[in-house]
Amino acid sequence: MHEQNQKENSAASPSYKPIASDCVKAEARRLGFALCGMAPAEPVDARYVDAYRRWLDEGRQADMHYLENHFEKRMDPRLLVEGTRTVISLAFNYFPERVADGIAWYAQGRDYHDLLRERMSQLMDAIGLHGRCFVDTAPVPERYWAWRCGLGWIGKHSQLVVPHVGSTFFLGELFVQEEMDAYDSPMSNHCGRCSKCIDACPMGAITEPQLLEGGVLGPESHCFDSRRCLSYLTIENRGDIPAEAKAMMSDTFYGCDRCTKACPHLHGTPTAEPQFRPSQELLSMTPTDWQQLTPEQYQSLFKGSAVKRAKYDGLMRNIKSRFSSDG
Ligand code: SF4
Ligand code: SF4
């Protein structure tokens, strides 16, 4: 994920009186967040740190080298933002009602970064919190903090799983100077013997994880190999799409949701945020339209969309790879 644009709350002096966590959660709900949890700003669990380091050492981050940067700060919120006492994790539902073929669910509507940052700033202002908000904008292990703040657990497919709802959430974090009057507990992992996401992955990008000692984190994200994942190969990857991946693209040319869709916990309700819904223009695209897409049409179709991350050339590479696999 991209790491830029840190946004800072401009309010001046911090208050050291504990904040009512229920008030923060109620305001988060009012602002459209489906879930909100909080944890003391402590170093990341040592087992997670070790697993993450191993994952990097094995090269499973592919060429997303920004994931290697600022390791110490990534693993301690107080080093990333001095004076942080609380981490607040927020989740915004993007479960789609209607879907344009070929494009990952999360990218059907407008890019989520600005909207989430704006809502998180509003939350800080409404409560009087002092600190910073992050949406893929700094070395913050967002799924770890979502787990640590009690929102769900990290499934075998490496995404946050919210029980009986699934993984269709954008995540954001607040690092704030205030303490809360109550904190949330991490959720136990309930993947158990399920392997539906592993079985659904056409690329073998997910392997059965080792249970960590104590089972507190349980299976977590580091059994996932970006180098084999269609999401990585069609979004972050700037090189060619390997032949093996081309043959597996079948229903997608931007991202992949097969492991998300396979999870028995997926029972989302459609997002209430109109900005995250696909436009009629996008919904009406046909395979022929995609293959004949011009740069001008691309600009119009994806104005303000996360699909811009692949750029026109990258998207056309994907489209050609996808349709060439039809033989
Ligand atoms: S997004 Fe697709 S390719 Fe990547 S791990 Fe999930 S199922 Fe496999
Ligand atoms: S499909 Fe099964 S193993 Fe995979 S994340 Fe969901 S519950 Fe866990």
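Two residues are in contact if their C-beta atoms, placed from the backbone, lie within 7 Å. By that criterion, residues 24 or more positions apart account for 80% of the contacts in the protein with a separation of 6 or more. This is a predicted model, in which local features need pLDDT of at least 70 and side-chain atom pairs count only at pLDDT 80 or more, while totals for chains, interfaces and linings use all residues. Residues are numbered from 1 along each chain as its sequence is written, and chains are lettered from A and ligands numbered from 1 in the order in which they are written.

**Overall fold**
- The protein has 14 helices and nine strands, which are DSSP runs numbered from the N terminus (helices H or I, at least four residues; strands E, at least two).
- Along its principal axes, the C-alpha trace of the protein spans about 65 × 45 × 35 Å.
- Of the 327 residues, 46% count as buried, a residue being buried if 20 or more other C-beta atoms lie within 10 Å of its own.

**Strand β2**
- Because five of the six residues of β2 (residues 35-40) are buried, this strand is largely enclosed by the rest of the structure.
- Strands β2 and β3 (residues 86-93) run antiparallel and are joined by six bridges, with Cys 36 having Leu 90 in β3 as its bridge partner.

**Around ligand 1**
- The residues surrounding ligand 1 include His 157, Cys 201, Cys 229, Cys 256, Arg 258 and Cys 259, where a residue is near if its C-beta atom, placed from the backbone, lies within 6 Å.
- Helices α8 (230-236) and α10 (258-262) are the elements that give two or more residues to this shell.

Key: Buried ≥ 20, exposed ≤ 12 C-beta atoms within 10 Å, placed from the backbone. Pairing = 2+ DSSP bridges.
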